[in-house]
Amino acid sequence: MSKRRRLIVGNWKMYGRLTSGLVLARDLAEKAQANKPLDFDMIICPPATLTWAVSETIMGSPVMLGAQDCHTATHGAYTGDLSAAQFADLGCRYVILGHSERRIAHGETDELVARKVEAAQLAGLTAIVCIGETAEQLAAGSTAEIIEKQLRASLPDKCRMAHLVVAYEPVWAIGSGQQPSPADIATVHKVIRKTLGEAGETMQIIYGGSVTPVNAGPILYEMEVDGALVGSASINSDGFWAIAEKCR
Ligand code: PGA
């Protein structure tokens, strides 16, 4: 078993209203509380509208809180945006950055992601940086090359490696029901570790893309895989907990 602590992250995306979000958060907090001490880390990343209420709901439980994105600045005239410091104020300890849905729908570049990582780490948050190849890049056999390039460009020069988690999320696997084989995931995680140099040995590298309670077992069985970033399957407390238990 690897010495790296395992990590399960729930990305609620734009799902969850006040009532449903708090029921989900409370259910998970109760499960985590009943299983204390947890032998893995559990982080939930609700939509920003729920951050504060979820923070209060999970307070005192082992469940930790994350955001789904943040701005590069600490404050300023940026209508509609939110800073890492503002999320930190609400009890967030993590922030997902460079998710492919933001790269695609909001045109986020590697360079912008790197600046966000810097801002997040300055605010004391751990950045969960997402990278992954498209279906075309996979078909062209360029996955390793793309991953290495994207990773290097998405990290700031002064990256605090102790406040970084890398999520390998093939774009073609997100929300599609398709996935690489566990062996292929492990191969890419090794590329990521090698790219990170010495820091790669202790870095938590997690996999995301259509993870469900049914397919999580064989993926998390891989020594190279330190956990999972779960989207749609994270908005059901029993299902998300079942995935988390596979971290044991
Ligand atoms: P999915 O999403 O589990 O619904 O594929 C993963 C993600 O977007 O992080």
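Predicted model: local features only at pLDDT ≥ 70, side-chain atom pairs only at ≥ 80, totals over all residues.
1. Two side chains can be named here. An N or O atom in the side chain of H99 is 2.6 Å from an oxygen atom of the ligand. For S232, an N or O side-chain atom lies 2.7 Å from a ligand oxygen. G231 takes part through its backbone, where an N or O atom is 2.9 Å from an oxygen atom of the ligand.

2. Largest pocket. What is the volume of the largest pocket? The value is about 520 Å³. Its lining consists of 22 residues, and those nearest the pocket centre are A48, Q68, D69, R102 and H106.

3. Sorted by class, the residues lining the largest pocket are nine nonpolar, seven charged and six polar. D69 and R102, which are among the residues nearest the centre, belong to the charged class.

4. Position of T195. Which helix holds T195? The residue is in helix α8, which covers residues 182–195. Is T195 buried or exposed? T195 counts as buried because its relative accessible area is 13%, under the 20% limit.

5. Contacts of T195. With neighbours within four places in sequence set aside, T195 is in contact with E148, L151 and R152.

Note on methods. Residues numbered from 1 in each chain as written. Heavy atoms only, no water. 1 Å grid on protein atoms, 1.4 Å probe; cavity = no way out; pocket = protein on both sides within 12 Å on 5 of 7 lines; lining within 4 Å. Points joined across faces, edges and corners; volume = space filled by probe spheres on them. Helix = DSSP H or I, 4+ residues; strand = E, 2+ residues; numbered from the N terminus. Buried < 20%, exposed > 50% of the residue type's maximum accessible area, 1.4 Å probe, protein only. Contact = heavy atoms within 4.5 Å. Polar contact = N/O pair within 3.5 Å; in protein donor to acceptor, adjacent residues only side chain to side chain.
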